[in-house]
Amino acid sequence: TVGIQCPVNTKVEVTLVGCTVTVPPQAGLKSVTFKNINPKMGAKQEVTLEINVSGLTFELDPVGGTPTCKKEQRTNGTMTGSETETAELGGVMVGVWVE
């Protein structure tokens, strides 16, 4: 599982044209998958994180003279993407993997 962690009494807040989106801290969201790349290739081993999270809770708040949203709370937010992780030791690439 994955979560969103913020410093005490804070939330993620993004203001777009006419609307502020606020995402509070939350935990237990699914799913993040770890996949080995170049298995058994020594220093060339990497890990890819595939992110496909759904069910994020967020709030919409209208702002400005021409709001583009109405005030409401939703639980259908998503976060998708991928990231490749590598490792170095003393400036030299070393293999990293998930078992």
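**Reading cysteines and a surface patch**

Mentor: Let's start with Val 12, which sits in strand E2, residues 12-16. Keep in mind that this is a predicted model.

Trainee: Happy to. Is Val 12 buried, partly exposed or exposed, and why?

Mentor: Buried means under 20% relative accessible area and exposed means over 50%, with partly exposed in between. Val 12 has 37% relative accessibility, so it counts as partly exposed.

Trainee: Which residues form a nonpolar patch on the surface?

Mentor: Val 12 does, along with Val 14 and Leu 16. Together these three have about 230 Å² of accessible area.

Trainee: Now the cysteines. How many disulfides does the structure hold?

Mentor: First the general idea: a disulfide is a covalent bond between the sulfur atoms of two cysteines. This structure holds one. The partners are Cys 19 and Cys 69, with their sulfur atoms 2.1 Å apart. The angle about the S-S bond is 95°, and the link is right-handed.

Trainee: Which parts of the chain does the pair link?

Mentor: Distant ones: the two cysteines are 50 residues apart. Cys 19 lies in strand E3 (residues 19-23), while Cys 69 is in the loop between strand E6 (46-62) and strand E7 (72-85).

Trainee: Are Cys 19 and Cys 69 buried or exposed?

Mentor: Both Cys 19 and Cys 69 are buried.

Notes
Residues numbered from 1 in each chain as written. Predicted model: local features only at pLDDT ≥ 70, side-chain atom pairs only at ≥ 80, totals over all residues. Heavy atoms only, no water. Patch = residues over 30% accessible without salt bridge, like charges linked within 9 Å, V, L, I, M, F, W, Y side chains within 5 Å. Areas by Shrake-Rupley, 256 points an atom, 1.4 Å probe, with all protein chains shown as cover. Salt bridge = Lys/Arg side-chain N within 4 Å of Asp/Glu carboxyl O. Helix = DSSP H or I, 4+ residues; strand = E, 2+ residues; numbered from the N terminus. Buried < 20%, exposed > 50% of the residue type's maximum accessible area, 1.4 Å probe, protein only. Disulfide = S-S within 2.5 Å.
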